[in-house]
Amino acid sequence: MNDLLQIRGLCTEFRTEDGLVRAVDGVSWQVNPGRTLGIVGESGCGKSVSALSVMGLIPKPSGEIVGGQVWFKGQDLLKLTERQIREIRGNEIAMIFQEPMTSLNPVFTVGNQIVEAIKLHQKLRTRDAWDLAVESLQRVGVPSAAERVYAYPHQLSGGMRQRVMIAMALSCHPAVLIADEPTTALDVTIQAQILELLRRLQAGERMALVLITHDLAVIAQIAHTVAVMYASRIVEYTSVEALFDQPLHPYTQGLFRSLPRLGQKKRRLDAIGGTVPNPLAFPSGCKFHPRCPLGCDDKRCQSVEPNLRLIRPGHVLACFKAAGYEDSPPCDIPTQAPTEVSNG
Amino acid sequence: MTEAALTSDIAVGKGRSLWADAWRRLLSRKLVVASLIVIAVFVMVALGVYAGLIARDWSEPVGPRYQRPSLEHGFGTDFLGRSVWRKTLYGAKISLTVAFLASLISICIGLPLGAIAGYFKGWIDELIVWLFTTVNSIPYIILILAFAFVLQGKTLFGYPLRGISVVYLVIGLTSWVGLCRLIRGEVLKHRDRDYVMAARAYGCSRSRIILGHVIPNVAHLVIINFSLRFVSFIHAEVILSFLGLGVKGEPSWGVMIDDARQELYRGCWWQLAAATLAIGLLCLALNIVGDALRDALDPKLRQGLE
Amino acid sequence: MSMKNPLILTPVFLLVVLFAGCGGDDQDQASGKMVRYLSLGAKVRGMDPMDIGDTTSSSVASQIFESLYQYHYLKRPYELIPCLAEDFPTGEDQLTYTFKLRPGVVFADDPCFTATQGKGRQLVAADFIYAWKRIADVKNISKNWWIFEDHIVGLDEFRDYTGRLKAGENVDYMRPVEGLQAPDDFTLVVTLKRPWPQILYLLAHLPTAPVAREAVQYYGKSIHNHPVGTGPYMLKDWKRGNKIVMVRNPRFRQEFYPVEGSPGDREAGLLEDAGKVLPFVDEARWQVVEEDQPRWLIFMRGQLDASGIPKDFYNRAIDPSRQLRSEMKDKGIRLQIFRDPSTYWYGFNMEDPVVGTNKPLRQAMSMAINRPEYVEIFTNNRAEVAQGVIPPLFKEYDPEVINPNCQYNPERARELLKEAVEVHGGPLPTITISTPGTDTLSRQMGEYVTLAMDNIGLKVKIDYMDWPSFQDRIKTKSSQVFQMGWVADYPDPENFMQLFYSKNVSPGPNNFNYRNQAFDTLYEKAKAMPDSNERRRIYHQMENIIRDDCPAIFLVHGVAFVLHYNWLKNYKPHVFGYGLIKYQRIDVAARQKSVGR
Amino acid sequence: MVSYIIRRLLYAIPTILGVLLITFILFNLIPGDPSYDIAGKSASAETIAEIRRELGFDKPRFLDTEALSQGRIAAAFDSQFFNHFRNTLTLNFPRSLTSHEPIWDEIKSRAPASLTLAAPMFIGLIATSIAIALVVAFARGSWVDTILVFICVVGMSIPMLSYILFGQHYLAYELGWFPILGYESGMQAFKYIALPCLLGIASGLGSYVRFYRTVMLDEMRSDYVRTAFAKGLSSPRVLFKHVLKNAMIPIITTLVLSIPFLFLGSLLLERFFSIPGMGSYFLDAFNSRDFPVINAMVFTTSLLYVLGQLVTDICYALVDPRISLR
């Protein structure tokens, strides 16, 4: 296990009033320094839960990780004690969230909140910690950071707040940053700025980045590899080029079709038919089959769930209909990435 | 992040209405169903008393005075040899009537005032806010006593006020403030939402917007408020009875506790136990249902994770 | 800014620490000081005799103020003896009374006596005249004008004069009143308009106590907080709603414990202190306790010397044979049972078109109530069934008489009810009974009466009212049936008979609005007569008229049970007198042994 | 800050005028003439008339139209309504009808006793319930939570009277841990208020814990809590620093709202433990229709309430940076 962060066969379940929900079902992915993994999928497909499972932030007692491993720097995070995992959380693996409006505590100054994170993981005097906080704010491009440290979250704009979140996450120079829909709640122009910022910081620090989004455009801008999730599982996992070049899974194809493209004259965009399945009653077989444009009448699709197979180098897929699927070996992580394009 | 958010996502995903969904979720919890059954039983008893089917003969002595609970006398007998069990059943009528009518009065005042204040803003709002701030600054108990004294022996539309009618009028007339404040705040939030804008844009009258659009959207707050306030109304009846301003001539739980206060030293505990048990059971059930309702209906808790 | 975990819990710990080690008694170990501990069940409104109309205030203020006469502490039937007067009055006819004052009586020291640097001056006859004029003064809104009304020559005119004064004008207390003269400092001559045999009883009444003009002028409107009297005690501390402390008046005149008493008093140890100088107790402390439970608990802990028995603690104290339970006896508690000069009834408003004209109805209602059961439920047998209005305590009470209307007889009542329907000329409407009080006991009594009337087939409705509303209802003659009681002010049945005299109808004390020519004639005749067998006969005639006419459902006469610890010596309950602490003595050693203080 | 306070004070003026209006209307509607009670059992008509004159009942209710038509403006306003306003606003309360004691003096002498009881009770109640609510919120969903919530609801269902009767009998009398009743001012007071205080806390705990638990749970669902955990903070730290400070905002707003509860609670406690406070004074006054006292009590408590609200607003602004003091 030489990878920085690798999760294998992760299963996370939630007990609800309506029954047991398996939010993450046998998900595996990995990410290495300087690399960006994009996880893409519709709402409720389990992409955030897989990230939260890594952080050990699944709400207890209703949520529980029932299987799998999370390997980080050679140790399984799931086997650590709460105290040990706190050492890693925020220090070596940091996370930022979707809602910059509410993710900061409204009653403390932003400086206070950054300093809290710094002092938690580094033995620093308060004064130095504050200096560091100002520095990290400067690093994420907050203008007049020396004054802004004393501001309360409500005094900042959305973009600024997300920058503060990023500064807070990066203040301890983590090895992995998990960004859960970091730009969804922002204006398009701000979105671009934030993505650019993330890319710059990642490249500068050789940090591993896990970016969770439902937006393929964001993926295109920043990710190296992409995992497509549907209904608690990964259905396709490959490099960004391969995916954009030739998406293989009908769901991924559907996602691309629903994307507006420049210069393309089309009367209307295609939406994927049907709705996201209810996790309490997933369809049998391939969970996508009721919405699949290729073959909802196929007996096998209806009864057997396809597992991930290495359909070609660096490209894993779970779909019976894909050419060559039958002959490919089972594989959950694309071991060999065919091309490495630098994100210069 | 939370289980509630998660499941609500799931449920909404199934495309049910808020109310149907809430109802279904209530029924899916055993404890809540048990509580609903308890409440239903209390309501049935109260209706039975009204219909003259249950505890009609509560005032007849059934045996010697101060009999301990036994197979023969159930919860024992009181100082006139009347059955404590029948009195307890009869008490359900008083307590539920008081709580229900008091809630109704407080909703009738609080909901329209709150909605109007929140929707119109301006001087109407100022006036209503002034009214409820003023009422609110007089300590509740003083207000309740003053109202009870004022109403005692008066007539309303030719109907003489005494006993139970005073109790629910007093509680209703003094407890609308909280609801009014809550509704006003919520309506203030709603009045600038898109759907109200839209209604305004295609020319709905203001009364139609308030009645047809805003109020249905805040109605769940009334239900939650009602279920949680019910308990305090029952308690208010107990306190009024202690202060001699409560129900007279009919047994209520407050009256029974008032009786028991003095009987305890005879070793006569069963009247207190019966009334406290009845209150406790109903309160517990209402609390559970109230909490569940809030979880199910309050959109504040339904903000999703993703 | 942030709250830390331990910080939140600090107040809780603080409370616990502060409370730890508390408990037990703080009462001073009383360096041999003899302290009498009493409780107050209601609020003491004030200690200005003129303004005192309630028993609670009387029981406290009577330790400070004295009147011309007082009741003999031990003798029964109750008997008057001189107090501030030297002897009984002299006078040739029944219209003029000459009182000689006891010499050497001084007011207690008080800063109001500015001329003598706070040293109390001698009591003179003019002080009585001044005090009584204060009662007459309309501006003072005295509750006690009924005592003197239409009795003393010239005093009613004085009252009219004060009523004519405009706001801001001062009442001239030097204005002479013909019937109140003080030929010298120690002689008081009172002239009456007509004979008034009860006068001496009323001159034993607290409101007629003399008041120092210096005090009234010095304290002005706060006089009710600063009682300056001639009695054995002085006010030391008074925290309203909390406690009252009185100490011995060092300048109290010489008074001695009675040397003779009623039969049995010597055996009861009540004459051990015969002839000794009064008072014994150095300090009297009243603790305000409004609820039954705490009062009972502090008595049981020995923090009160004596106590009544709250209704619901009765079974804990008294066994079924009306004896004190042995565990109570073991604690050194003793029981005294005595009769109250009280009668309780449901009165009919005789001006009401339904009940006023329907004697069978009134009789039926009277017979519907099972009085022995009523006595048992509501008083634990601490009352006697009434046959009429005069309580057994009075010598005018006739134990031979059995009033058929007061016997429980539901069959007869049902028959009478049929008659009543005929008299009424149709089915009877629901009868409304007004009850003064919204408390538990009133409600329970209401439930009982409803049940009893239901039993004979009569529908009644109880109208629970607070006391002011009830008064309003009664005084405006707008009630139908009302629940009431009367406690005599002095041992003369005239006090009860006036309640049925036609000239006293509401808003006077005749709340029945009862009018009977024969009764009135007898009343007027008896009113002017001194006590005699002849008068007693007339009273019997009057009572028979009332029994027959049934203007009220007579229920019960009170019987009081009082408990006291054996360290409280010379304790003999008295139903008319109030200033009794001076006779009582505490065996401090015995108390200390018993409760450790 | 100063201008903020002044502005808040100005807001209070219409409220106070409203209280005056409501009290006047209420007391003019209350049936039963106190004159009869004051006059005693054998009152004469002129005594009643004198009492009514002293109470000002003989004056016109709102406006002396006769005087107005004659052009005597000052006399025209000599009515029950305007006298009520003038006297109350200037705290120029008359004397009590029953005790003839100046009301203001009596309020001043009784307020310390009430405060001595209510203040520790209130602080203790708030502190204890916040502490328990934090524990419950921390253990949410576990059996500890379930049991504590159940106990809270049971505790809420038991009437206060039962707590008092039980506490006084067993803790004070049987076990002798506390004095049965009484009150002394000064440090001695602590000994006497201990038991009523504890009983007040015990009886109020259920509803408070339940409420605070809800507040805390609402807060724990917030995004910033997730952020705090993601930083690697421990649960207690998140609870005590982040959640608590945010929860203080709704808690502070309810503090003033619960003062009426305190008043009610003290009413019974003062009565049973013979504490000479405002509650027992008020109850006495109500039972004897002592209008001047009731009026003065309503007005002063409302005044205190308005002041309390002002303090709340300031605290609110101190805790929540989103509210500006300007």
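These legends walk through several close-up views of a predicted model with four lettered chains, A to D.

Chains are lettered from A and ligands numbered from 1 in the order in which they are written, and residues are numbered from 1 along each chain as its sequence is written. In this predicted model local features need pLDDT of at least 70 and side-chain atom pairs count only at pLDDT 80 or more, while totals for chains, interfaces and linings use all residues; side-chain values use heavy atoms, with hydrogens and water left out.

**View 1. Chain D meets chain B.** Here 40 residues of chain D are in contact with 42 residues of chain B (contact means heavy atoms within 4.5 Å). About 3,900 Å² is buried between the two chains, and carbon and sulfur atoms give 76% of this area (buried area is the accessible area, with a 1.4 Å probe, that two parts lose on being put together, summed over both). Look for Leu26(D), Ser157(D) and Arg221(D): they supply 14% of the area that chain D buries against chain B, more than any other three residues.

**View 2. The side of chain D that touches chain B.** Several helices each supply at least two residues here, including helix H1 (2–29), helix H10 (189–220) and helix H15 (291–319) of chain D (helices, H or I of at least four residues, and strands, E of at least two, are DSSP runs numbered from the N terminus). The largest share, seven residues, comes from H1(D). By class, this side has 26 nonpolar, nine polar and five charged residues (Ala, Val, Leu, Ile, Met, Phe, Trp, Tyr, Cys and Pro count as nonpolar, Asp, Glu, Lys and Arg as charged, and the others, Gly among them, as polar).

View 3. The axes of helix H5 (residues 122–137) of chain B and H15(D) come within 8 Å and cross at roughly 115° (axes are lines fitted to C-alpha atoms, for helices over the stretch in contact, and angles run from 0 to 180 degrees between N-to-C directions). Thr133(B), Asn136(B) and Ser137(B) meet a group on H15(D) that includes Thr301(D), Tyr305(D) and Gln309(D).

**View 4. The open sheet of chain A.** Four strands follow the order S2-S1-S4-S5, with antiparallel pairing (two strands pair if DSSP finds at least two bridges between them). Strand S2 (19–31) and strand S5 (75–76) of chain A stand at the edges with a single partner strand each, so one side of each has no neighbour in the sheet. Two bridges join strand S4 (residues 63–72) of chain A to S5(A), and Trp71(A) stands opposite Asp76(A). Helix H1 (residues 47–55) of chain A lies across strand S1 (5–16), S2 and S4, running at about 105° to S1(A).

**View 5. Backbone details to look out for.** Most residues other than glycine have a negative phi, and most peptide bonds are trans. Lys73(A), in the loop between S4 and S5 of chain A, has a positive phi of about 50° although it is not a glycine. In chain C, a cis peptide bond joins Arg76(C) and Pro77(C), with omega about -5°; Pro77(C) lies in the loop between strand S2 (69–71) and strand S3 (80–82). The bond from Leu278(C) to Pro279(C) is also cis, with omega near -10°.
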